[in-house]
Amino acid sequence: MLVLTGKQFRELDAYTIEHEPIASVDLMERAARALTEWVAKRWSAPREIFVFAGPGGNGGDGLAMARMLSQLGYEVSAWLFNTKGHLNPDCEINKQRLADLPQVRFTEVSQGFDFPHIPEEAVVIDALFGTGLSSPLTGGFAQLVQKINALSSTVVSIDVPSGLMCEDNGQNDPSAVVQATLTLSIQVPKLAFLLPDMGEKAGEWELVDIGLSAECLERMPTPYSIMSQEQLRLLLHPRPVFAHKGTMGHALLVGGSRGMAGAMVLASKACLRGGVGKVSVLTSEASHSVLQIAVPAAVLSLTSDLSDDMPTTPPDLSHFNAIGIGPGLGTTEAAASLLRACLSRSKRPMVIDAGALNLIASHSELLHLIPRDSILTPHPKELERIVGTCGSAYERLALAMGLAARLHVNVVLKGHFTAVCDPAGTVRFCPTGNSGMATAGSGDVLTGIITSLLAQGYLPADAAQLGTWLHGMAGDCAARHLEAECMVAGDIVSHLPEAFRNLRNKETLKI
């Protein structure tokens with residue numbers, strides 16, 4: 001599923017008008033009809049509907065919806081805010097059409113405005129501003145948004161919540177952006193929905209197809225898309241019937257300093273659950289007994305310089321198909337020496353997480369030792385330690401994309417809608433996952449899954465995508481059986497089999 005910028009969306013709209021061809025007011029009518037049908041399926045008539053419309057195309061959509069909802073038996077009140085005395089031509093046409101309906105309580109606001117009493121059970125349609133907004137709302141419109149946000153009613157935003165800019169909201173005022181219960185996004189999702197600083201403003205969002213040009217959409221040069229289960233299923237390797245542990249890959253996990261054995265336990269269990277044939281663990285001597293008891297299938301990789309701290313030299317790395325380094329690694333000089341040795345000696349892409357990322361941030365010379373096509377899995381703060389402080393989620397994403405291109409690596413920027421950035425400049429957002437995964441150790445599980453896939457021979461970019469999707473789906477499966485508040489990282493590991501089954505779209509086996 002492609003994600004367009006606001007500018008591209010307006011270009012798609014204009015292309016449709018020119019090449020279908022269709023008059024812009026007729027396309028607005030088609031959009032309003034599709035949006036109205038969606039509302040009517042969700043909330044039955046009679047119900048009170050309050051429409052707040054702005055002077056542009058978004059307002060025209062809202063006025064057309066007010067007319068159609070009234071004709072379906074809803075009790076509609078509508079306000080058109082025309083404070084500058086100038087309306088979009090299509091909005092003007094829909095104003096006249098609505099004014100001809102006596103059953104609609106319609107008011108055009110040019111100056112003063114008394115906010116109405118709106119019952120809790122009513123539905124509010126926010127059609128003030130759409131994708132063309134380029135600066136924060138101020139003055140009366142900001143006050144109007146604050147009044148809407150104080151309601152207990154359901155708020156449905158048309159295309160985007162009013163006040164939200166489609167990409168960068170770093171300079172925006174959150175109090176001047178509508179907090180939607182539901183956003184009906186026309187044709188495609190907007191990038192801001194997927195970014196953590198303002199994404200929650202969209203609430204639940206649904207796509208409404210209004211028949212914009214599919215041909216033009218397919219040719220839009222956007223780097224952004226949302227992963228689809230159908231595409232990922234094609235990447236999944238079939239399990240060979242004659243497979244044995246020697247043919248399914250050998251992974252090395254490095255980390256687990258004194259007091260941090262749990263990180264290695266989680267990563268190792270996830271790696272094994274991910275399908276790899278064999279897992280070896282290079283860890284501190286203090287963590288040996290914990291690993292041997294908690295993960296008996298994992299093999300301890302012993303070196304000559306064992307101590308309570310991390311060893312400083314790795315084993316022969318040519319024996320391993322993939323290396324994952326960082327969970328519980330710590331930031332001591334011994335850990336830094338070990339990381340430097342692994343980066344220098346590895347001939348294969350690595351999975352780099354947690355402590356390894358923090359060491360790279362404090363030892364900048366390590367950045368250029370990272371093998372090409374490696375997979376870095378930072379959370380936002382870990383990324384900023386490497387690339388610098390970011391003023392917005394959009395800027396952070398841009399810097400993650402730049403890091404991926406500069407080092408020719410894959411960057412998995414973790415969070416809700418985790419962004420997987422590849423060296424070619426493509427960003428794929430992961431739709432799986434939930435707030436229950438905001439728990440210590442969740443990232444260690446992700447490292448284990450991706451390392452497992454990499455060891456089995458998946459291409460690095462594919463391993464990053466598949467691992468992220470499976471990690472999120474396992475979390476979603478856990479949340480269905482438990483509650484988000486009660487989840488721990490081990491629950492994600494436990495539900496990996498269900499995630500694989502879901503990806504393959506197989507029915508649960510009945511015994």
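Which residue in β6 does I158 stand opposite? The first view has the answer. These close-ups come from a predicted model, where local features need pLDDT of at least 70, side-chain atom pairs count only at pLDDT 80 or more, and totals for chains, interfaces and linings use all residues. Residues are numbered from 1 along each chain as its sequence is written, and side-chain values use heavy atoms, with hydrogens and water left out.

**View 1. Strands β5 and β6 run side by side in parallel.** I158 stands opposite L184 in β6. Three bridges join β5 (residues 154–158) to β6 (residues 182–186); two strands count as paired if DSSP finds at least two bridges between them. Strands here are DSSP runs of E with at least two residues, helices are runs of H or I with at least four, and both are numbered from the N terminus.

**View 2. Seven strands make up an open, parallel sheet.** Read across, the order goes β3-β2-β1-β4-β5-β6-β7. At the edges sit β3 (105–109) and β7 (204–208), each pairing on one side only. Ignoring direction, neighbouring strands in this sheet are turned by 15° against each other on average. Helix α4 packs on the sheet, where it touches β2 (75–81) and β3, contact meaning heavy atoms within 4.5 Å. The direction of α4 makes about 140° with that of β3; axes are lines fitted to C-alpha atoms, for helices over the stretch in contact, and angles run from 0 to 180 degrees between N-to-C directions.

**View 3. E29 and R97 meet through their side chains in a salt bridge.** The N to O distance is 3.3 Å, inside the cut-off for a salt bridge (a side-chain nitrogen of Lys or Arg within 4 Å of a carboxyl oxygen of Asp or Glu). E29 belongs to helix α2 (residues 24–42) and R97 to helix α4 (residues 89–99), so the pair ties together parts that are 68 residues apart in sequence. E29 counts as buried at 15% relative accessibility, while R97 is partly exposed at 32%. For these labels, buried means under 20% relative accessible area, exposed over 50%, and partly exposed in between, using a 1.4 Å probe and protein chains only. Keep an eye out for R67 too: E29, R67 and R97 are linked in a network of salt bridges. Across the whole structure, a search turns up 14 salt bridges.

View 4. The axes of α12 (residues 380–387) and α13 (residues 393–407) come within 11 Å and cross at roughly 60°. On the α12 side, P380, L383, E384, I386 and V387 meet R396, L399, A400 and L403 of α13. That contact divides into seven nonpolar, no polar and two charged residues. Nonpolar covers Ala, Val, Leu, Ile, Met, Phe, Trp, Tyr, Cys and Pro; Asp, Glu, Lys and Arg are charged, and the others, Gly among them, are polar. E384 and R396 form a salt bridge, their closest N and O atoms 3.1 Å apart. E384 is buried at 9% relative accessible area, and R396 counts as buried at 14%.

**View 5. R480 reaches E498 in another salt bridge.** Their closest N and O atoms are 3.9 Å apart. R480 lies in helix α15 (residues 460–481) and E498 in helix α17 (residues 496–504), so this pair ties together parts 18 residues apart in sequence. R480 is exposed at 54% relative accessible area, whereas E498 is partly exposed at 24%.
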